[in-house]
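Thanks for coming. Please have a look at the model.

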Amino acid sequence: MSVPAAFIGVILIWSTTPLAIQWSSAEAGFLYGVMARMLLGLLVCLLVLRVIGIPLCWHREARRTYIAAGMGIYGAMTCVYWSAQYIPSGWIAVVFGLSPLLTSLLAFWWLGEGRLSLLRIAGLLTGVGGLLVMFGNGATLGPDVAYGVLGVFLSVVLHSISAVWVRAVGGNIPALAVTAGGLSIATPLFVLTWFIFDGQWPVVLSERTRFSIVYLAVFGSVLGFFWYFYLLRKMEAAQVNLLTLITPVTALLLGHWLNNEVLMPQIWFGVALITAGLFFYQWDLLQARRSG
């Protein structure tokens, strides 16, 4: 598979995922939305593995990789779906723009990848400034909005930990197998969480809700995770997460066009700060490669 093609595919999926998350949870609740998505995604993923003949190994190294991926999926997705009740869909992608900065910090500390130069530190601080702008704007709109921003930030932290954890475990495991293994760990947890805290099976779901769940299961959970873990094997974890440089803008525009979400100037300012932080990091990375 072409790395650029996988990179573009993840951008497209991550740009549309926040809006689909809101649509899939509007009628039946966020726990049912995420549970149905992951359950269907796991079934599709296992079917694809069987058709193309890739075995799902369960040796020690594989189990460690699946746990690293699965716990990240469960923790990050639970936080995102909960937060999507309180904030516009585009905000999710904006806060997720911090993931490259957090991932690079974790990769430096955990794996010894890269270095913490002054420019990277400036990028991190600038990105955090963008988050504070969004949090402050959310606080003026009500406490629930602020909680939603914090919930997505927690999701980013868990997502970044999982990304570096998968690389730390290592192992020459096919990306699709990592996706299926991670979903095999996460899906029972989603089902158990839904059963304990909700347990109400929806009687009627609109066509938009059903389409959103199927889209998230096939593209978000299978293709999205597959391409994401594939890129993690081919590139540094922090480099992979640079795709969030684009998704905040595209997700905000999609939320505005398709969901009538208001684009406030403060949000664009937060986007600009987060994007600037990412630019600082990427510029330092390019300079380091040229000097090397």
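One definition before we start: a residue is called exposed when its relative accessible area is over 50%, buried when that area is under 20%, and partly exposed in between. Keep in mind that this is a predicted model.

By that definition W201 is exposed, because its relative accessible area is 58%. W194 has a relative accessible area of 9%, so W194 is buried. These two residues form an edge-to-face aromatic pair, with 5.8 Å centre to centre and 80 degrees between the planes. Ring pairs also bring in Y32, giving a cluster of Y32, W194 and W201.

The structure holds 8 aromatic pairs. Another one of them is formed by Y74 and F190; this pair is tilted, at 5.0 Å centre to centre and 55 degrees between the planes. Which parts does this pair tie together? Y74 lies in helix α3, residues 60-83, and F190 in helix α8, residues 175-197, so the pair ties together parts that are 116 residues apart in sequence. Y74 is partly exposed, at 22% relative accessible area, while F190 is buried, at 3%.

Now the helices. Helix α1, residues 3-25, and helix α2, residues 30-52, have axes that come within 8 Å and cross at roughly 115 degrees. Their crossing is right-handed. On the α1 side the contact is made by T17, I21, S24 and S25, and on the α2 side by F30, G33 and R37. Sorted by class, this contact has 2 nonpolar, 4 polar and 1 charged residues.

Key
Residues are numbered from 1 along each chain as its sequence is written. This is a predicted model: local features need pLDDT of at least 70, side-chain atom pairs count only at pLDDT 80 or more; totals for chains, interfaces and linings use all residues. Side-chain values use heavy atoms; hydrogens and water are left out. Rings of Phe, Tyr and Trp (its six-membered ring) pair if their centres lie within 6.5 Å; planes under 30 degrees apart count as stacked, over 60 as edge-to-face and the rest as tilted. Helices (H or I, at least four residues) and strands (E, at least two) are DSSP runs, numbered from the N terminus. Buried means under 20% relative accessible area, exposed over 50%, partly exposed in between (1.4 Å probe, protein chains only). Axes are lines fitted to C-alpha atoms, for helices over the stretch in contact, and angles run from 0 to 180 degrees between N-to-C directions. A crossing is left-handed if the near helix is turned anticlockwise from the far one by less than a right angle, and right-handed if clockwise. Contact means heavy atoms within 4.5 Å. Ala, Val, Leu, Ile, Met, Phe, Trp, Tyr, Cys and Pro count as nonpolar, Asp, Glu, Lys and Arg as charged, and the others, Gly among them, as polar.
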